[in-house]
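Reader: Hi, can we go through this one together? I'd like to start with the strands and then move on to the helices.

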Amino acid sequence: MRRIISIPLVLAAAMLGLAASPVLVVVAIVFDLLRKRSGFPTLRCYAFVLWALWLEVCTVLSAMFLAVVFAGRLRSAASLRTHNAMEQWWVGQLVQAAALTMRLEFAVTCPHHLRPGPVVVIGRHASHADAILPAWLLGTRNAMNLRYVVTAGLTWGPTFNLYGHRLPNHFVNRGKTHTATDLAPLANLASSADAYDAVIIFPEGHLATPERRERALARITDPVLASRARKLLHLLPPRPAGTVALLDAAPHADVIVINHVGLERFQTVGAIWRNVPFADPVRVRIQRVAARDVPRFDNDATIGWLTDTWQDMDEWITANMPEPNDGSR
């Protein structure tokens with residue numbers, strides 16, 4: 001059903017946006033001049049959206065072509081390699097589009113090698129662009145195959161829908177209490193991962209808001225964990241079930257922790273517009289934790305390790321958070 005709605009909408013928007021570009025470019029420039037906004041943020045946002053829409057068109061057409069080429073064997077090794085390569089190309093083009101139109105840059109601190117796998121990747125969830133960051137770091141830049149555990153809401157995007165369901169990913173429904181049966185697909189993702197695979201999860205599950213913070217705190221029954229969670233200034237307390245399932249299913253896998261500041265600017269359209277062109281790079285810190293240093297098969301110990309990790313991430317964010325932009329420039 002989502003494909004029936006989203007694919008025609010994206011195709012129509014891409015064609016309409018391109019056909020109307022002579023008019024829309026002028027309107028965007030005039031709007032920025034009237035608002036006295038330097039750097040033409042409206043024009044930049046329009047250029048990025050149009051570029052992203054046509055990238056979606058490319059992936060839709062390529063998915064249709066690959067469905068014919070690999071008819072009846074979409075799960076074959078050759079098909080998975082081709083789909084992974086196309087996914088890496090799409091992510092790379094999307095990041096390049098953001099760099100050229102909005103001056104998005106990444107300043108990555110990574111003292112360790114990201115390869116080889118298998119690795120379980122846990123990352124901060126600060127905006128709707130979070131899913132792209134590990135795909136760019138591990139997939140596009142390091143040619144690793146990605147296995148995502150992400151919200152089903154992303155399948156409203158044609159690329160996530162078409163490629164996401166052909167590649168070994170798992171889409172979850174937010175707000176649902178997950179049983180052992182629900183967690184079994186996550187365990188399968190991790191247990192079958194090899195030296196070329198990265199399994200990615202965002203333990204917070206949601207973007208941080210005061211309301212979600214209160215709901216997350218209310219779910220924590222352990223008073224010690226609740227006390228520690230209240231000290232988090234930027235992050236939601238991690239929901240451990242999915243991460244624990246991945247770690248227990250792949251005791252041989254190292255863990256990569258991806259933290260960042262700057263992607264908060266992608267939370268809303270208004271936030272993007274206020275910050276474009278971006279004056280500061282997105283600061284990214286990557287840590288690789290050896291498998292032997294991550295507790296497994298002991299729920300309390302694993303949750304304690306995850307809580308320690310989240311506290312360290314929160315402190316790093318506080319130390320590296322850029323000054324907010326009020327949109328006056």
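Author: Strand E2 (residues 119–123) and E6 run parallel, joined by five bridges. Keep in mind that this is a predicted model.

Reader: Which residue of E6 does Val120 stand opposite?

Author: Val120 stands opposite Val255 in E6.

Reader: And what about E6 and E7, parallel or antiparallel?

Author: E6 and strand E7 (residues 282–289) run antiparallel. Seven bridges join them. Val255 has a bridge partner there too, namely Val289 in E7.

Reader: How many residues of E6 are buried?

Author: Eight of the eight residues of E6 (residues 254–261) are buried, so the strand is largely enclosed by the rest of the structure.

Reader: Which residues sit on which side of E6?

Author: Asp254, Ile256, Ile258 and His260 are on one side. Val255, Val257, Asn259 and Val261 are on the other. Both faces are covered.

Reader: Where is Val294?

Author: Val294 is in the loop between E7 and helix H12 (299–320).

Reader: Buried or exposed?

Author: Val294 is buried, because its relative accessible area is 5% and the cut-off is under 20%.

Reader: What is the phi of Lys36?

Author: Lys36 has a positive phi of about 55°, although it is not a glycine. Lys36 is in the loop between helix H2 (21–34) and helix H3 (41–69). It counts as exposed, at 70% relative accessibility.

Reader: And Ala143, what is its phi near?

Author: Phi of Ala143 is near 55°, a positive value in a residue other than glycine. Ala143 is in the loop between helix H5 (132–140) and strand E3 (145–151). At 43% relative accessibility, Ala143 counts as partly exposed.

Reader: Let's stay with H5. How many of its residues are buried?

Author: Eight of the nine residues of H5 are buried, so the helix is largely enclosed by the rest of the structure. Among them are Trp136, Leu137 and Leu138.

Reader: OK, helix packing. How do you describe two packed helices?

Author: By the angle between their axes and the distance between the axes.

Reader: So what are those values for H7 and H10?

Author: Helix H7 (residues 180–191) and helix H10 (residues 240–249) pack at an angle of about 40°. Their axes are 8 Å apart. H7 and H10 are therefore oblique to each other. The crossing is right-handed.

Reader: Which residues meet there?

Author: From H7, Leu183, Leu186, Ala187, Ala190 and Ser191. From H10, Ala241, Gly242, Ala245, Leu246 and Ala249. By class, the contact has eight nonpolar, two polar and no charged residues.

Reader: What is His170 in contact with?

Author: Leaving aside neighbours within four places in sequence, the contacts of His170 include Leu186, Asp182, Pro185 and Tyr148. His170 is found in strand E4 (residues 170–172). At 19% relative accessibility, His170 counts as buried.

Reader: Last pair. At what angle do H1 and H3 cross?

Author: Roughly 130°, and the axes of helix H1 (residues 2–19) and H3 come within 9 Å. H1 and H3 are therefore oblique to each other. This crossing is left-handed.

Reader: Which residues make that contact?

Author: On H1, they include Ile7, Val10, Leu11 and Met15. On H3, they include Tyr46, Leu50, Trp54 and Val57. The residues of the contact divide into 13 nonpolar, one polar and one charged.

Note on methods. Residues numbered from 1 in each chain as written. Predicted model: local features only at pLDDT ≥ 70, side-chain atom pairs only at ≥ 80, totals over all residues. Heavy atoms only, no water. Axes fitted to C-alpha atoms, helices over the stretch in contact; angles between N-to-C directions. Helix = DSSP H or I, 4+ residues; strand = E, 2+ residues; numbered from the N terminus. Parallel < 35°, antiparallel > 145°, perpendicular 65-115°, else oblique. Left-handed = near helix turned anticlockwise from the far one by under 90°. Contact = heavy atoms within 4.5 Å. Nonpolar A, V, L, I, M, F, W, Y, C, P; charged D, E, K, R; others polar. Buried < 20%, exposed > 50% of the residue type's maximum accessible area, 1.4 Å probe, protein only. Pairing = 2+ DSSP bridges.
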